[in-house]
Each structure stands twice: as C-alpha cells, then as structure tokens.
Amino acid sequence: MLVTKVRTVFNSFNHPLSMQSLMDRRIQSLFPIALYSILILGAARLVLDSLKMKQSSVLRLYGMPHGGRSRLPVVVLAEDRFEDNCNVFEGTWVWDNVSYPQYEEESCPYLVKQTTCHKNGRPDSFYKNWRWQPKGCNLPRFNALKMLHMLRDKRIMFIGDSLQRGQFESMICLIQSVIPEGKKSLQRIPPMKIFKIEEFNASIEYYWAPFIVESISDHATNHTVHKRMVKLDSINNHGKHWKGVDILVFESYVWWMHKPLINATYGSPHHVKEYEVTTAYKLALETWANWLESNIKPMTQKVFFMSMSPTHLWSWEWKPGSNENCFNESYPIQGPYWGTGSNLEIMKLIHDALQVLKIDVTLLNITQLSEYRKDAHTSVYGERKGKLLTKEQRANPTDFADCIHWCLPGVPDAWNEILYAYLLKGYQNFS
C-alpha cells in the first residue's frame with residue numbers, strides 16, 4: 001500500500017502538466033528578483049554616466065542644466081530669512097577676520113583694476129574684515145549655491161554708473177567660486193557686461209546708465225565727467241534692454257551731483273537749459289516710474305533701487321580740525337554720522353517717487369551703513385582715466401585720492417548680502 005502511494009506521487013510529478021505547472025511557479029518567483037536586478041543595474045549605469053559627463057559639484061548637489069528635469073530644490077528655511085521687524089539698514093560694523101572677506105582679489109579674475117586696492121599696493125587689508133551687523137537681528141550668511149538656485153533660468157541686471165558696476169562685480173565674486181571652469185563666462189557688449197552661468201541658464205548683467213534716463217554720457221567708455229547733458233523725458237533706448245529681465249537693480253546719484261545745476265532737455269529735444277539738480281532728478285524719476293508701470297510685470301519681475309553711495313571727501317566731517325580726505329583711513333567711523341555728500345533732498349525725492357508707484361519697488365537704503373566706511377574707498381590705489389595712479393600721483397592724495405569708489409572685497413559685498421536677504425525673504429519653496 002505504501003509502495004503504491006509512493007508510485008502515485010512519483011507518477012504525478014512525472015506527468016507533463018504537473019512539470020509545466022511547477023516550472024511556471026518557479027519562473028514567476030524569480031521574475032521580481034530579475035526585474036529588481038535590471039532596475040538596480042540601470043540606475044547604477046545612469047549614475048556612472050552622469051558622473052563621467054558632469055563633474056560639477058553644483059550639478060551633483062542642485063540638479064541638471066535647464067534642459068533636464070532632475071533637480072533637487074534648495075529649501076529656504078525660516079532661519080534663512082530675517083524677521084519682519086528687523087531693520088537690516090540699522091546696525092554697526094563688527095570686526096570679523098574669521099569669515100570675512102568671503103573671497104579674495106586673487107580668487108576672482110572678474111574684478112577691474114579700479115577696485116583691486118590690495119593688489120594695486122594698498123599696504124593694509126583691514127577694510128576687508130568688517131561685517132555689517134544689523135541691530136537686534138541677523139542677516140543670513142550669503143550662500144552662493146542658494147543664490148544660484150534662485151537665479152536658475154533668470155537674469156539679474158545692475159543698472160547705473162561705475163558704483164553699480166562695483167556691486168555687479170561683487171555679486172560675481174561672491175558666487176563664481178562654486179561654478180566649475182568652462183561653465184561660466186563674461187562678455188563685454190557695451191553698454192553691457194554679461195556674466196553667464198551655463199549650468200543654471202542664468203546671467204548676472206550690468207548696464208551702464210549713469211542717469212538712468214538717457215544722456216550724452218551713455219557711451220560706456222567714451223564719456224566725459226565734466227560735460228553733462230541729460231534727456232529727462234527719454235528712456236526707451238535704455239529700457240529696451242531692460243524688458244523681461246527678472247530682477248532689476250537700479251542706482252543713480254553721483255553723476256547728478258557734479259554741480260548744483262545741470263544741462264538737460266525736457267519736452268523738446270533741441271531745447272537745452274539749466275535745471276536745478278533736484279528738479280532734474282525728480283523729472284528723471286518720473287520718466288523712470290512711467291517706464292516701470294508700462295513695462296514691468298509684478299508677478300514675474302522684481303525691482304530694487306539702491307539709495308545713494310556716500311563719499312568721504314572731507315575729513316573735517318568726522319575728524320574736526322583736519323583738512324584731508326579718505327586717504328590713509330583704516331577703520332570705520334564709530335557712532336552717529338552723516339556726511340554732507342549725501343543729499344537728504346534727493347533721498348526724499350526717491351522715497352516719494354516709490355510711494356506713488358503702482359508697482360512694488362524695494363528701496364535698499366544702504367547710505368547710512370556705507371557712511372561709516374571712510375576706510376574702504378580706493379583712495380590712491382585705484383585708477384584715473386583707465387590707468388593706475390603713478391608714484392607721483394599717489395604721493396599727492398589731496399588731489400588724487402578717490403573717495404567715491406570702493407575697494408573689493410569690501411562695502412558692496414554688504415550691499416549684495418542685503419539684496420540676497422531680500423531675495424531669500426521673497427523666495428517660495430516648491431517641492
């Protein structure tokens with residue numbers, strides 16, 4: 001009986017249909033394992049190919065170029081933003097030689113000779129080591145990768161005079177070190193400079209327009225400081241270059257202040273007359289405001305206006321009894337200070353113009369914080385008429401010290417830290 005049962009079981013396994021069923025079950029059990037193995041091998045191959053093709057740390061951390069789809073979002077946390085009740089423009093300069101400067105002249109090949117004070121022979125470097133500290137709150141630390149992420153598929157343009165060019169160069173220097181060689185480039189197309197970041201399909205741009213409105217000084221290199229004529233109601237030749245730019249940062253002041261009166265046209269392009277500077281500035285702001293309201297799309301574009309960059313031409317303002325300028329100054333001014341070079345009436349005109357605008361323009365009021373920095377100008381360690389000062393000129397700082405432009409690294413970096421903080425504050429996280 002037992003033998004019969006064994007034979008029956010044995011015969012059942014040898015039945016063709018039974019053998020086929022057993023094989024089917026075995027194949028089905030192996031199918032998921034094979035599928036998982038293929039997927040794992042495929043993923044590994046993709047990773048290896050990606051690492052071979054793209055060596056950029058930026059890409060590995062923050063995604064692919066604009067044509068790709070795979071990208072890891074940068075998350076902006078609550079602590080990355082300054083509080084609503086924080087006035088980032090009130091504070092003091094604190095010594096910080098650990099984390100500042102955030103770059104060095106030698107590490108940023110995009111600086112012009114006008115700003116590379118230490119390279120040009122300035123003996124001290126203290127001006128690089130001061131950090132702007134708002135009162136009662138903190139600015140977020142500038143993060144180049146987060147800034148690049150916010151600029152992905154976007155253009156930011158700095159518009160104004162050579163002071164605004166310094167802010168443009170500062171922004172490039174703050175971010176360029178995280179971009180691999182071959183993935184960044186600087187083009188000079190007067191009146192513009194364009195720094196392109198290939199992997200992010202982004203650009204940082206500069207546009208020369210010292211009066212914002214049109215003038216006879218609009219050629220980026222061939223212009224005279226002493227002969228000025230402004231077209232107060234003309235802006236379209238400039239504006240056509242600004243259309244569609246995602247982030248616009250405007251500045252205009254020093255070129256207006258050469259004399260109390262300025263030659264200008266308004267209405268008829270052939271009728272030139274003298275205007276008081278404040279009157280002309282107000283008319284220019286109105287022309288600019290009209291252009292903004294006609295061309296800016298508030299949902300997709302951001303507009304900033306930089307308040308005036310101060311000068312330090314007369315040392316008696318911070319050192320009573322002296323008769324010098326910013327030359328040989330090594331430390332910021334301590335305590336309350338406002339120089340006569342910063343025109344309060346112009347400040348009010350800017351404030352009033354922004355108040356009545358139909359679109360939002362953020363005023364970055366960097367004047368007061370920059371007032372303290374008598375130590376940070378290029379002085380005799382910059383250029384004049386495109387050439388570094390001679391030994392004889394440097395020996396005569398009374399006539400040749402430049403107390404208008406700033407050394408880099410330096411004060412314009414703080415302006416960009418504040419701009420970065422505002423961009424972070426308005427940035428929306430998307431998952």
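**Entry 1: a patch on the surface**

I began on the outside, where Trp 95, Phe 126 and Tyr 331 form a nonpolar patch with about 320 Å² of accessible area together. A reminder to myself: this is a predicted model. I then looked up Tyr 331 and found it in the loop between E12 and helix H8 (344-356). Its relative accessibility is 47%, so Tyr 331 counts as partly exposed.

**Entry 2: the sheet**

Next I traced the strands. In which order do the 7 strands of the open sheet stand? I read the order as E4-E5-E6-E3-E9-E12-E13, with mixed pairing. Strand E4 (184-189) and strand E13 (362-364) are at the edges; each has a single partner strand, so one side of each has no neighbour in the sheet.

I followed the chain from E4 onwards. A hairpin through 2 residues takes E4 into E5, and the two strands pair in the antiparallel sense over 6 bridges. One pair I picked out here is Gln 187 with its bridge partner in E5, Ile 194.

Is strand E5 (residues 192-197) mostly covered or mostly open? I found it mostly covered, as 5 of its 6 residues are buried.

E5 then forms a hairpin with E6, with 4 residues between them. In that turn I noticed Asn 201, which has a positive phi of about 50 degrees. E5 and E6 run antiparallel and are joined by 6 bridges. Met 192 stands opposite Tyr 207 in E6.

Tyr 207 turned up again when I checked the next pairing, where Ile 159 stands opposite Tyr 207 in E6. There, strand E3 (residues 155-160) and strand E6 (residues 202-208) pair in the parallel sense over 6 bridges.

**Entry 3: a helix on the sheet**

I looked for what lies against these strands and found helix H12 (residues 411-425) packing on the sheet. The helix touches E3, strand E9 (247-250), strand E12 (302-306) and E13. The direction of H12 makes about 150 degrees with that of E12.

**Entry 4: salt bridges**

How many salt bridges does the structure hold? I have 13 in my notes. Side chains of opposite charge can pair when their charged atoms come close.

Lys 425 pairs with Asp 84, their closest N and O atoms being 2.6 Å apart. Lys 425 lies in helix H12 and Asp 84 in the loop between helix H3 (57-62) and strand E1 (91-95), so this pair ties together parts that are 341 residues apart in sequence. I marked Lys 425 as partly exposed at 27% and Asp 84 as exposed at 73% relative accessibility.

Another salt bridge joins Lys 128 and Glu 105, at 4.0 Å from N to O. Both of these residues are buried. I also saw that Glu 104, Glu 105 and Lys 128 are linked in a network of salt bridges.

Arg 373 and Asp 375 meet as well, at 2.9 Å from N to O. Arg 373 is buried, with 1% relative accessibility, and Asp 375 is buried at 1%.

**Entry 5: one serine**

My last stop was Ser 379, in strand E14 (residues 377-379). Why does Ser 379 count as buried? Its relative accessible area is 5%, and buried means under 20%. Leaving out residues up to four places away in sequence, I listed its contacts as Cys 326, Phe 327, Phe 400, Ala 401 and Asp 402.

How values were computed: Residues are numbered from 1 along each chain as its sequence is written. This is a predicted model: local features need pLDDT of at least 70, side-chain atom pairs count only at pLDDT 80 or more; totals for chains, interfaces and linings use all residues. Side-chain values use heavy atoms; hydrogens and water are left out. Two strands pair if DSSP finds at least two bridges between them. Contact means heavy atoms within 4.5 Å. Axes are lines fitted to C-alpha atoms, for helices over the stretch in contact, and angles run from 0 to 180 degrees between N-to-C directions. Patches are made of residues with over 30% relative accessible area and no salt bridge: like charges are joined within 9 Å, nonpolar side chains (Val, Leu, Ile, Met, Phe, Trp, Tyr) within 5 Å. Accessible areas come from the Shrake-Rupley method with a 1.4 Å probe; for residues, only the protein chains shown count as cover. A salt bridge is a side-chain nitrogen of Lys or Arg within 4 Å of a carboxyl oxygen of Asp or Glu. Buried means under 20% relative accessible area, exposed over 50%, partly exposed in between (1.4 Å probe, protein chains only).
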